[in-house]
Each structure stands twice: as structure tokens, then as C-alpha cells.
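Subject: The structure to look at

Hi,

Here is the structure I promised to pass on. Have a look at it first, and then read my notes below.

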Amino acid sequence: MTEIKRIGFIGLGVMGHAIADNLLTAGYELYVYNRTASKADDLVAKGAHYLATPRQIAEASELIITMVGYPTDVTAVYFNEASGIFSGISSGKIVIDMTTSTPTLAKEIATQATTLGVLALDAPVSGGDIGAKNRTLTIMAGGDQLAFERVAPIFSLIAKKAQYFGPAGSGQHVKMANQIGIAGTMTALSELLVYAQAAGLSLSAVLETLSAGGANTWSLDNYGPRILKADYSPGFFVKHFIKDLKIALDEAQKMNLTLPATQGALALYETLADKGYQDAGTQSLIKLWWGE
Ligand code: NAP
């Protein structure tokens, strides 16, 4: 089996741009595409090749990675009859969708990939913008185990942990479990800061102390300091977290589960989006209490 040398990367946002940059730095020949082409400019200046459609990316690359926003974007990028990945791909290649999307769509991609002799993985990530930049992501994969084994050296360049979980859709299910967890840690971070401030405590001292105790979380460590600096930039968009919580609750419903804490978090984030914060980072949840 030949070594992968040419990687295609579609979706150069907060996450995709940083991951693509790291793959370029690692020495891969990189072919890139993004809806807003200018987001590729600095990568092209460093040696990446910009191509006009996902189809051309699929033709040029042995491995194609997608990291777009919503399931509808994933569908467009893979299935568009004229310009999608599947319109141009040939057998023996590998596709990896790293977008946080639905398990159902992951299965549809895997089914079409199998028809074309292509290997597919759903491989959403956790670790945020910081993890993408610092190559410390966590990757949760489902789909073709052979593909996972072939791309393991590439995953090790961008992630501190990559785990295979089973058939197509499994990676997205693990990511939903992750987001259910983040719903709890973000609401907890907001409410503990609101409480601490009302009690007249030093918030920086509270964060420093709690991070050494039982209430420590990744959210507290990474987003607590951003809140104290009034840095509400994404990070992780409120609109994407709402997308994720809705997918998680849909999937839970299909399994006859009720998740009241996750439902509560979704309601809070929808209120936040209604107030105009959909394009802010998820740490802006605190604005529900602290206002402007
Ligand atoms: P983002 O900054 O909005 O990036 C998405 C990128 O995909 C944008 O550059 C967008 O283009 C591009 N795109 C969307 N539809 C496209 C299409 N049809 N063709 C080509 N490009 C397309 O979002 P992000 O923060 O990187 O997140 C990406 C995904 O990862 C989301 O599913 C998110 O839920 C997930 N995720 C995010 C984080 C995080 O902390 N940020 C962590 C884990 C997972 P434009 O430039 O034109 O908008």
C-alpha cells in the first residue's frame, strides 16, 4: 500500500485552517478549497495548491479531509452531482469527514464510498481552536478500520489521541457524547463565575483554585481565563454548539432517552443566539447574566 503524499483539505475555518496549516508544515502536498477562497491565501503563500471545487480536490488527492460547518455543508461538498467529492473521486482513495455532523450522514457517505471503492471515516474532533493550532486534538473515528490504520500517522501529527470506535457513524456518536459533556461544563463554568462574582470573590483566584480541585474541567481551564479577559471571540461558535446539541438530542430521542440537562443547555444557548451572540464563542454564555 502506497504512502499518502497528497492531501486535499476542504473547509478552512477556525479548525480546518489550523489543521491544514499543520499538515502543510509536516511536508504533505496540500490541495485546498474553501467557500470563501481568500481564507486559503496564506496557505497558498506557504505552498498549498488552491483548486476550484471539491471535485478537483478529490481528483488531485489520495486522502481528502473535510471540516465544514453544518451537515448541509457536508452533503453539498460530498454529493453535489457536478462539483462534489464523489463526482471526481476514484477507487483506492480515502475520505475523512471531521465536521461535527450526524451519524446518519456519516453512514450515507460510507455507503456511497463503498460503492465507489473508496474508504471513509467519520472523525470529528475535540480540543477547540487551541487544540487545532497546537496539534493536541482528540479524534473520535468510525467507519473503515483499514482507513483508520492507514491514516494513523497523519492523525498523530494533528492530535494527541485518536481512537477508532466501530462502524460508520460511531465517531459522530462519540462526539455527541462529548458535546453532552461540554453542555454541562460550559453551563457549570458560567454559573460558578456568576455565583462567585455575586459573592464578591476574586474571580481569577477562584479559577486558579478550582482548576486544582474537583470542579476542574477543560472548559474552566480554557474558557474561564477568556471570560475574565472579556474575550468572547470563537473559539467554538455558539451557532455550531446549538447545531451539535440539537443533533445530540435528536439521536437521544431515537434511542428513547431524555436528557434534561442537555435540553436545559440548549435552551440557554438558543436564548443567547436570540440575543445576537450566534457568531460569538460558547464562553459568551455568561452574557445571559452579565449582559453587555
Ligand atoms: P468555521 O470557522 O465556520 O469553518 C467552517 C468552514 O467551512 C468555513 O471556512 C466555511 O467557509 C467552510 N465551508 C462551509 N460550507 C462549505 C462548502 N459547501 N464548501 C466549502 N467550504 C465550506 O467553523 P469551525 O469552528 O472551523 O468548525 C468546523 C466544524 O468543526 C463544525 O462542524 C464545528 O461544529 C466543528 N468543531 C469546532 C470546534 C471549535 O472549537 N471551533 C471544535 C470541534 C469541532 P466560509 O469561510 O465561506 O464560511
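Which residues does Gly13 touch, not counting residues up to four places away in sequence? Gly13 touches Ala18 and Asn34, where contact means heavy atoms within 4.5 Å.

Before going on, a word on the source: this is a predicted model, where local features need pLDDT of at least 70, side-chain atom pairs count only at pLDDT 80 or more, and totals for chains, interfaces and linings use all residues. Residues are numbered from 1 along each chain as its sequence is written, and side-chain values use heavy atoms, with hydrogens and water left out.

Back to Gly13, then. Gly13 sits in the loop between β1 and α1 (14–25); helices (H or I, at least four residues) and strands (E, at least two) are DSSP runs, numbered from the N terminus. With 28% relative accessibility, Gly13 counts as partly exposed. For that label, buried means under 20% relative accessible area, exposed over 50%, and partly exposed in between (1.4 Å probe, protein chains only). Gly13 and Pro71 are 58 residues apart along the chain, and 15 Å separates their C-alpha atoms.

Now the strands. Strand β1 (residues 6–10) pairs with β4 in the parallel sense over four bridges; two strands pair if DSSP finds at least two bridges between them. Phe9 has Ile65 in β4 as its bridge partner. Strand β5 (residues 94–97) also runs parallel to β4, joined by four bridges, and Thr66 stands opposite Asp97 in β5.

Which way do the side chains of β4 point? In strand β4 (residues 63–66), Leu63 and Ile65 point one way, Ile64 and Thr66 point the other way, and all are buried. In a regular strand the side chains alternate between the two faces of the sheet.

Helix α9 (residues 170–198) packs against helix α10 (residues 203–210) at an angle of about 135°, with the axes 10 Å apart. Axes here are lines fitted to C-alpha atoms, for helices over the stretch in contact, and angles run from 0 to 180 degrees between N-to-C directions. The two helices are therefore oblique to each other: angles under 35 degrees count as roughly parallel, over 145 as roughly antiparallel, 65 to 115 as roughly perpendicular and the rest as oblique. α9 passes α10 in a right-handed crossing (left-handed if the near helix is turned anticlockwise from the far one by less than a right angle, right-handed if clockwise). From α9, Leu189, Leu192, Leu193, Ala196 and Gln197 meet Leu203, Val206, Leu207 and Leu210 in α10. This contact has eight nonpolar residues, one polar and no charged. In that count, Ala, Val, Leu, Ile, Met, Phe, Trp, Tyr, Cys and Pro are nonpolar, Asp, Glu, Lys and Arg are charged, and the others, Gly among them, are polar.

α9 also packs with helix α11 (residues 218–228), at an angle of about 40° and with the axes 10 Å apart. That makes α9 oblique to α11, and their crossing is right-handed. Among the α9 residues in this contact are Ile182, Met186 and Leu189, and the α11 side includes Leu220, Tyr223 and Ile227. The contact divides into nine nonpolar, three polar and no charged residues.

Phe236, Phe241, Asp244 and Leu245 are what Gln179 touches, not counting residues up to four places away in sequence. The C-alpha atoms of Gln179 and Ala248 are separated by 7.6 Å, though the two are 69 residues apart along the chain.

Further along, the axes of α12 and α13 come within 10 Å and cross at roughly 150°. That makes α12 roughly antiparallel to α13, and the crossing is left-handed. The contact has 11 nonpolar, two polar and two charged residues.

Finally, some backbone details:

- A cis peptide bond, with omega about 25°, joins Pro234 and Gly235, and Gly235 is in the loop between α11 and α12 (238–254).
- Arg135 is not a glycine but has a positive phi of about 65°; at 42% relative accessibility, Arg135 is partly exposed.
- Asn256 has a positive phi too, near 60°, and is exposed, with a relative accessible area of 72%.

Cheers
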